Amino acid sequence: MASLDHIWPDGHARTLWNLDALQQPRAIPFLSYQFSSEFFFALAIGAMVIVLFASRRFNVHSSAVDSMDIRALRELKPMDLRATALMSQAYMRYVGVLLFIYLAFTLFGNLVLDAINTLPSAAGLQLDAQNVDFNSPQWPILISFGIAGFVPMLKPLDVIERRLRAWAHKSAGIPIRIAHQTNRVKRALDRLTEKVGEPADAPAWLAKIAPKEERDRTFNSLTQLTYLISWAKDQRAYWPSAKTRSVLRGIEKEELEQGFLTLEVFDDLMTEDYDVANAAPVPGAAPAPRWQAAGAIAGETTFVNLDPLSRHRKRLEREWNTLSDRIESQRDELASMLAIFAEHDRRTDEIANEQMRGVVEEASANETVEDGPTFWLYLSLLPVAAIYFLAISSDKQPLLSSIEKTNWSITLSTLLLVLRTFFLFVLPVALVMSWRHALREREDESWIDIKWLQLDKAMVRELIIGGFIGAAGSAAGLTFLSMFWVALLAHNEEQFLNTFLGGPQSFLAVYTSFALIAAVTAIMVLLAVEHVRLSRKRLARGVGLIVLGLLNVGLVLGAWAVLTEMWYGFGRCQDVKGFVNLMEAVMTDGMDHPCARTYELTDLLVFALLAFSSACLFVPRPKSDGETPPRPSFWSRFRARIHGLWGRRTTGTFLVIFLYLSALPLHAQTGTVEQPTATPEGEADRDMPKTVRIGFRKDVQPFAYYDESEERFRGYLVDLCYKIFQVGSGQEEYRVLPVPVTASTRFNAFKSPREEPAIDLLCDPVTLRYNVDDPKSSGNDGALPKDDGRDGGIFSPIVFASGVSYLHRRPSPDDGDVVMGWVRGSTAENVARRACRSDLFNARPTGSGACDAAPETTAQACSNLEPAAKAAKGAGSDSDTSETRARRYAFCEFESHTNAIDWFCSGYVEKAYFGDRDIIIGKIEAVVGRDNQRSNQCRGYESANATFTYEPYALIVKLDDPELLQFVQRRIYELFSNSDEIAGIFLANFGGKKMTATLANLYLLNAVGREH
């Protein structure tokens, strides 16, 4: 009912329904939440805060990087160290856990705080949950900012978050995996330069200061460093990409400069003479002493050799050792950068140098992020949601419980079923593929290749572990989902516990048992992925995938049948005695079979689809021999996967047809209205909508008026009447034909005999009040003249409530006559004459019949009152007697409100325009809104701030069409029972005005059906 906020009277009740008061108090904190749009909006804002916090914290190293040997590990952010896809998966794990904690605190905050308070001295904190409003939209925002702001400040929380971040980084191989790949590059370079060794022209003195192995190792490292520098400077060509190089641009530039300097210093060292000191002795000088005392260590005197040659040789030895270490260190830095380049850009075919291409390919072997069918399983949740939504809408799938069917309940049930599908198929496969990838990345290569036709004990053990991981993850997710599901339905703590944990068929036991399906799927996906990776022949690969896909379908359906029989049995539906019998019945009658809904066979359809797809259709194609697959951006990866899947035209076409045929019967049930199988004789025209002629006036804004620019009727009652006949479900029963009427002709169709214009329904601001026969009732201000025609029709339910009021205009302060006007046939005449009797405008009428004088009925006669008023003013200036200056009341009756407003806004005499308040306000606002002379004259008007009568508006239906009357009555109550729809009509015609209390009460009284 949010659309009522701007138009509903302040402090007024929104509904007369109060069934929620019958609900028992809910002791579970989660169930005390009112699922308002404000709370969900705050929940979403809080989740965004957590995501932003996680993105910043995830890029902070979780280990002591200062002690690491590799500079890139110290200076690069974690997201830059490994491939985008792999780091995105690690980030999703990290932010997923944080979001789970955030939701747990938000939805189960009371339980969490109570649990913390029960712990002995929980960090010295005692949290008072009694004064916390868990239902306030501020609560999710408070939790999100608390997590984002206090985690870095509080040591216990910071330790927990750091370990969580370290786990996420470790799952992506940071920092160990970068060091491992750097070692791979070094081993590849060692094999490339293993025969280099010490060159023949190396100085002989090297043998005196370093052993052979050290010399060979140093010269191998020197060759590798020279090779890396030369390749980085001249031979890189188009690899890696500019985007990849930008990650390491600063570090690479500095390391290359240091590498060039190291090579120059090493070349200078190799030109040194071991037997000749650099400093020549001074001729004629006395020989310098060879030793000099340098101090004492442990009570013994130490000496320093002052011989220049000895010092020269020591310096060469020191420089050799320093340069050897520096060469290896800089070789390692460049090798690590090469490993990072290979991590980000797998397009090794772009490397022109064949030897360097071999080094990169060897370093990146088995480094592809193989997530198997995970990507497509995530994507398949969209059609799964569509299938469930259509099935629930068409009553082929039950709602989450025995609740009323509304758009909200359908959407919520669909969401819960999609989450269940996620925990049964997507999450287990994602966990198993991550586990497999982690094992394949280990240095000891712990993963054992699985050949499903040649299984041994090690392979079976690996499959069992994979199935256990999938089942455990699925069971954890299903536990949380079942708790959420029960929390939505339970009314108190006792009911929650009995449903969730109690009894032989508790929600927890039933839901977690279906993790058996997750275990089966995880095992079959492992077999399928390994089969694709190890198979070399395309035909064998395709046949194997089909067999595994069908086998997975059989196992999943078998698991479903066993669990259904165990928990519910197959005796709940007539004529069905087992799973096979159920399948035969459904194959014969389709989803229209009554047992399809009883056993929720839409689940069976979705499970079969995902079982086959996960083990066959969604398994990515293998790389070609010798090909190192790239690790591109998300969109490139998406396009590549689209191409990889749809390149297999047979399976792609099969998937499209399967999805289309799965949803087609459901769509057919929800998109059309069931038609009768036969048409009775004489009623062949019933299929065509009947024409209903509706009478509209052209000048009663804002209820009904004709828009010349759009050439159509508009207004509150016009929109209401069109809504009445726009049911919006299938073929319409009526077709609307608008007919113009006037104030004097609107009841003609209901007179006896009938007169033109002929209408079936009058959609006009007609007061629901009957004609009177007793002349004595003329004193009743609400009485109507006899036989105006409205008694010849039947009133609908009241659709609007107004009251007679007036507009007052006094162009001149001089005393003069007061002319009162109204529209012929309206109840405003009685109010105007009562105002005359009470001398509302201080005209002091004389004579007992002055206020009962007949009104002028023509425009000319009303305009003649203007000179009379002026003459009365002139006579008053020559005499001081009260009789000369006395004013009088005059009356004018008009054919329409357009004529009445034209009269009111012209002339110089004092005037009062009486009519239903909403009509006369609408007319004057339309005039004042224009920029012309008449609008300027009308700007000085005054309006009464009150209404003086009760004018309930109703439609009038002709007597001889009871079906139309019943249809109109039912539709009016349906529209008023939908607050958003009826409020939209009011807003469109009354702008930002608020309803009166009377009108708001009418809306409440007409809402006979409960809104959900």
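Predicted model: local features only at pLDDT ≥ 70, side-chain atom pairs only at ≥ 80, totals over all residues.
How do β10 and β13 run relative to each other, parallel or antiparallel? They run antiparallel, and six bridges join β10 to β13 (residues 910-916). Ser-805 lies in strand β10 and stands opposite Gly-915 in β13. With neighbours within four places in sequence left aside, Ser-805 is in contact with Tyr-913, Phe-914, Gly-915, Arg-917, Ile-920, Ala-944, Ala-946 and Phe-948. Is Ser-805 buried or exposed? Its relative accessibility is 0%, so Ser-805 counts as buried.

The next topic is the aromatic rings. A pair of aromatic rings is described by the distance of the centres and the angle of the planes. In this structure there are 37 aromatic pairs. One of them joins Phe-703 and Tyr-716: the ring centres are 6.3 Å apart and the planes meet at 90°, so the pair is edge-to-face. Phe-703 lies in the loop between β4 (699-700) and β5 (704-707), while Tyr-716 is in helix α27 (residues 716-724), so the pair ties together parts that are 13 residues apart in sequence. Phe-703 counts as buried because its relative accessibility is 0%, and Tyr-716 is likewise buried, with a relative accessible area of 0%.

Another pair is made by Tyr-806 and Phe-841. Their ring centres lie 5.5 Å apart and their planes stand at 85°, so this pair is edge-to-face as well. It links distant parts of the chain, with Tyr-806 in strand β10 (residues 804-809) and Phe-841 in the loop between α28 (828-837) and α29 (859-863), 35 residues apart. Both Tyr-806 and Phe-841 are buried.

Rings can also gather in groups. One aromatic cluster is formed by Phe-703, Tyr-716, Phe-800, Tyr-953, Phe-986 and Phe-990. Charged side chains meet rings too: Lys-698 lies over the face of Tyr-706, at 5.3 Å from the ring centre. In a further case, the charged end of Arg-833 sits over the ring of Phe-891, 4.8 Å from its centre.

Nonpolar cores come next. In soluble globular proteins, nonpolar side chains tend to be buried together. Which residues have the most contacts inside the largest nonpolar core? They are Leu-416, Trp-560 and Phe-607, in a core of 79 residues. Helices that each supply at least two residues of this core include α15 (374-393), α16 (407-441), α17 (457-489) and α21 (538-567). The largest share, 16 residues, comes from α16. Apart from its neighbours within four places in sequence, Leu-416 is in contact with Leu-400, Leu-481, Phe-484, Trp-485 and Leu-488. A second, separate core has 67 residues, among them Leu-164, Leu-206, Ile-229 and Met-356.

Beyond neighbours within four places in sequence, Ser-506 is in contact with Thr-499, Phe-500 and Leu-501. From Ser-506 to Trp-567 the C-alpha distance is 9.9 Å, although the two residues are 61 apart in sequence.

Finally, some totals give the wider picture. The protein chain has 37 helices and 15 strands. Of its 1012 residues, 45% count as buried. Among contacts between residues at least 6 apart in sequence, 76% join residues at least 24 apart.

Technical notes. Residues numbered from 1 in each chain as written. Heavy atoms only, no water. Phe/Tyr/Trp six-rings, centres within 6.5 Å; stacked < 30°, edge-to-face > 60°. Helix = DSSP H or I, 4+ residues; strand = E, 2+ residues; numbered from the N terminus. Buried < 20%, exposed > 50% of the residue type's maximum accessible area, 1.4 Å probe, protein only. Lys NZ or Arg CZ within 6 Å of the ring centre and 35° of its normal. Pairing = 2+ DSSP bridges. Core = buried A, V, L, I, M, F, W, Y, C linked by side-chain atoms within 4.5 Å. Contact = heavy atoms within 4.5 Å.
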